[in-house]
Amino acid sequence: MTSHATGAPVDDRALWDRASGGDEAAFSELFERHAEAVWNHAYRLTGSWAGAEDLTSTTFLTAWRRRADVTLVRDSALPWLYTVAGNAARDEYRGARRRLRLLRKIPDPPVVSDHADAVAERLDGEQRLREVVDAVRTLPKSQRDVVELCLLGDVSVADAAALLTVAEVTVRAHLSRARARLRTLLEEK
């Protein structure tokens, strides 16, 4: 921006004085004049293009909000803008560190199984049990009795032999034949 009377560029002091009175065009001129330098400074502070963009925006937003309270150094806005950018970068860094410390204190959420998986497993298990029970029903009575006691009822071979009034070796033989028959029947399905 140049002075209309002399044609000389208007200094930051004159632009800032007009901006502090609400002149948006004067503030826009200050922004155009210093945005690249502030962005470069912000990039050096953050090492990130996106971080520099955010920091530059924060710096000029702060400048607009505080435009009436600012004291310029040697009539240049740049030192004050650099100071604002540095303070904002430190605030963001401290905030990020606090958030990280807080996140480390939060326990990992418990693993919750999907209800649909549990239902599907239960249905599959019920279907499989029905298949086993149907297959057991096809066994000869002596094998079926032993399977129902020992495999389905979890009764020991000795107790099953006593209940059925047969020798333990007979119970083991019936179990062996029944397992082979069940394996064949269930593999066919």
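Biologist: What share of residues 130–182 is helix?

Modeller: Keep in mind that we're looking at a predicted model. UniProt, in an unreviewed entry, lists residues 130–182 as "domain: RNA polymerase sigma factor 70 region 4 type". The end C-alpha atoms of that span are 13 Å apart.

Biologist: At about what angle do H6 and H8 pack?

Modeller: H6 covers residues 141–152 and H8 covers residues 168–188. Their axes are 9 Å apart. Angles of 65 to 115 degrees count as roughly perpendicular, and H6 and H8 therefore get that label. The angle itself is about 95°.

Biologist: How many charged residues are in the contact of H6 with H8?

Modeller: On the H6 side you'll find Ser142, Gln143, Val146, Val147, Cys150 and Leu151. H8 brings Val171, His174, Leu175, Arg177, Ala178, Arg179 and Leu182. Sorted by class, that gives 8 nonpolar and 3 polar residues, and the charged ones number 2.

Biologist: Now for the other annotated span: how far apart are the end C-alpha atoms of residues 30–99?

Modeller: That span is "domain: RNA polymerase sigma-70 region" in UniProt, again from an unreviewed entry. In the model, residues 30–99 are 80% helix and 0% strand. The distance between the end C-alpha atoms is 34 Å.

Biologist: Is H3 parallel or oblique to H4, and why?

Modeller: H3 (residues 49–65) and H4 (residues 78–105) pack with their axes 9 Å apart, at an angle of about 120°. Roughly perpendicular stops at 115 degrees and roughly antiparallel needs over 145. The angle therefore makes H3, relative to H4, oblique.

Biologist: Which residues of H4 make the contact with H3?

Modeller: H3 passes H4 in a right-handed crossing. From H3 come Leu55, Thr58, Thr59, Phe60, Thr62 and Ala63. The contact as a whole has 9 nonpolar, 3 polar and no charged residues. The H4 partners are Trp80, Leu81, Val84, Ala85, Ala88 and Ala89.

Biologist: How many nonpolar residues are in the contact of H2 with H3?

Modeller: H2 (residues 24–46) packs on H3 at about 140°, with axes 8 Å apart, and the crossing is right-handed. Residues from H2 include Phe27, Phe31, Trp39 and Tyr43, and among those they meet in H3 are Trp49, Leu55, Phe60 and Trp64. Beside 5 polar and 2 charged residues, the nonpolar ones number 15.

Biologist: Zooming out, how many helices does the chain have?

Modeller: Reading from the N terminus, the elements go α-α-α-α-α-α-α-α. There are 0 strands, and the helix count is 8.

Biologist: What radius of gyration does the chain have?

Modeller: Start with the box filled by the C-alpha atoms, which is roughly 125 × 30 × 25 Å along the principal axes. A compact globule of 189 residues would come out near 16 Å. The radius of gyration of this chain is instead 42 Å.

Methods:
Residues are numbered from 1 along each chain as its sequence is written. This is a predicted model: local features need pLDDT of at least 70, side-chain atom pairs count only at pLDDT 80 or more; totals for chains, interfaces and linings use all residues. Side-chain values use heavy atoms; hydrogens and water are left out. UniProt positions are given in the numbering used here, feature names are shortened, and annotations may be inferred rather than shown by experiment. Helices (H or I, at least four residues) and strands (E, at least two) are DSSP runs, numbered from the N terminus. Axes are lines fitted to C-alpha atoms, for helices over the stretch in contact, and angles run from 0 to 180 degrees between N-to-C directions. Angles under 35 degrees count as roughly parallel, over 145 as roughly antiparallel, 65 to 115 as roughly perpendicular and the rest as oblique. A crossing is left-handed if the near helix is turned anticlockwise from the far one by less than a right angle, and right-handed if clockwise. Contact means heavy atoms within 4.5 Å. Ala, Val, Leu, Ile, Met, Phe, Trp, Tyr, Cys and Pro count as nonpolar, Asp, Glu, Lys and Arg as charged, and the others, Gly among them, as polar. The radius of gyration is taken over C-alpha atoms; the globule rule is 2.2 Å times the number of residues to the power 0.38.
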